[in-house]
Amino acid sequence: MTTPATEKTQGRSWLREHSELGVGVLLFAIGVLVLTDALTMTVDIAQRGPVGPKTVPVVVGTGLLVVAVLLAVDVLRGGRGESEGGEDVDLSEPGDWRTVLLLSGVFLAFAVLIGPVGFPVSGALLFWGAAYALGSRHLHRDPLIAAGLSLLTYVVFNNLLGVPLPGGPLMGVL
């Protein structure tokens, strides 16, 4: 006879042993989202040939669904991923949540600031913030390198490749 506590422990054990199913569910959800977007996309341009703007998203979405199903079948049949065996990874140590949160904040700030202040300024903050979050503490050198990388990226994409990036207040200067 099993008690509710025993059933709960067995349920947690089953979930822990089949945790890769979470990745399969995530891949399936992303595949459905990509396919939904691709199939409901309105195409206003004249299409030449069999490959149009819907082709790649449909292929990627279908691939995600196939991989998700294959992964779920493998996990339910007892397949397990290999354990991390890197030399420089100590699996007994907890994750570095401070770095993850700092990087998340830097990316969020970049997304919020790119419209009002433009790519050169928000890109410099992104590059400097990422360097700081990952451990660099060169307070004089890092902002200069970040500004240089941001300006170089802006000029290459905007002027050389013809991919317009928002310039913000520096639009007339660059």
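Visitor: Is the crossing of helix 4 and helix 5 left-handed or right-handed?

Guide: In this predicted model, helix 4 and helix 5 make a right-handed crossing.

Visitor: What describes two packed helices?

Guide: Two values do: the angle between the axes of the helices, and the distance between those axes. Here, helix 4 covers residues 97–133 and helix 5 covers residues 141–160. Their axes are 8 Å apart, and the packing angle is about 135°.

Visitor: What orientation do helix 4 and helix 5 have to each other?

Guide: They are oblique to each other. An angle has to be over 145 degrees to count as roughly antiparallel, and the angle of helix 4 with helix 5 is about 135°.

Visitor: Which residues in helix 4 and helix 5 meet?

Guide: From helix 4, the residues are Phe119, Pro120, Gly123, Ala124, Phe127, Trp128 and Ala131. On the helix 5 side they meet Asp142, Pro143, Ala146, Ala147, Leu149, Ser150, Leu151, Thr153 and Tyr154. Sorted by class, this contact of helix 4 with helix 5 has 12 nonpolar, 3 polar and 1 charged residues.

Visitor: At what angle do the axes of helix 2 and helix 3 cross?

Guide: Helix 2 (residues 20–39) and helix 3 (residues 55–76) cross at roughly 160°, and their axes come within 8 Å. Since angles over 145 degrees count as roughly antiparallel, helix 2 and helix 3 are roughly antiparallel to each other. Their crossing is left-handed. The contact of helix 2 with helix 3 is made up of 20 nonpolar, 4 polar and 1 charged residues.

Visitor: Now the aromatic rings. How many aromatic pairs are there?

Guide: The count is 2 aromatic pairs. One of them joins Phe110 and Phe119, with ring centres 6.0 Å from each other and 85° between the planes. That pair is edge-to-face, because planes over 60 degrees apart fall in that class.

Visitor: Are Phe110 and Phe119 buried or exposed?

Guide: Phe110 is buried, and Phe119 is buried too.

Visitor: How are the rings of Trp128 and Tyr132 arranged?

Guide: Trp128 and Tyr132 form a stacked pair, 5.6 Å centre to centre, with 25° between the planes. Planes under 30 degrees apart count as stacked.

Visitor: Why are Trp128 and Tyr132 separated by about one helical turn?

Guide: Because they are 4 residues apart in helix 4. As for accessibility, Trp128 counts as partly exposed because its relative value is 32%. Tyr132, at 27% relative accessibility, also counts as partly exposed.

Definitions and conventions: Residues are numbered from 1 along each chain as its sequence is written. This is a predicted model: local features need pLDDT of at least 70, side-chain atom pairs count only at pLDDT 80 or more; totals for chains, interfaces and linings use all residues. Side-chain values use heavy atoms; hydrogens and water are left out. Axes are lines fitted to C-alpha atoms, for helices over the stretch in contact, and angles run from 0 to 180 degrees between N-to-C directions. Helices (H or I, at least four residues) and strands (E, at least two) are DSSP runs, numbered from the N terminus. Angles under 35 degrees count as roughly parallel, over 145 as roughly antiparallel, 65 to 115 as roughly perpendicular and the rest as oblique. A crossing is left-handed if the near helix is turned anticlockwise from the far one by less than a right angle, and right-handed if clockwise. Contact means heavy atoms within 4.5 Å. Ala, Val, Leu, Ile, Met, Phe, Trp, Tyr, Cys and Pro count as nonpolar, Asp, Glu, Lys and Arg as charged, and the others, Gly among them, as polar. Rings of Phe, Tyr and Trp (its six-membered ring) pair if their centres lie within 6.5 Å; planes under 30 degrees apart count as stacked, over 60 as edge-to-face and the rest as tilted. Buried means under 20% relative accessible area, exposed over 50%, partly exposed in between (1.4 Å probe, protein chains only).
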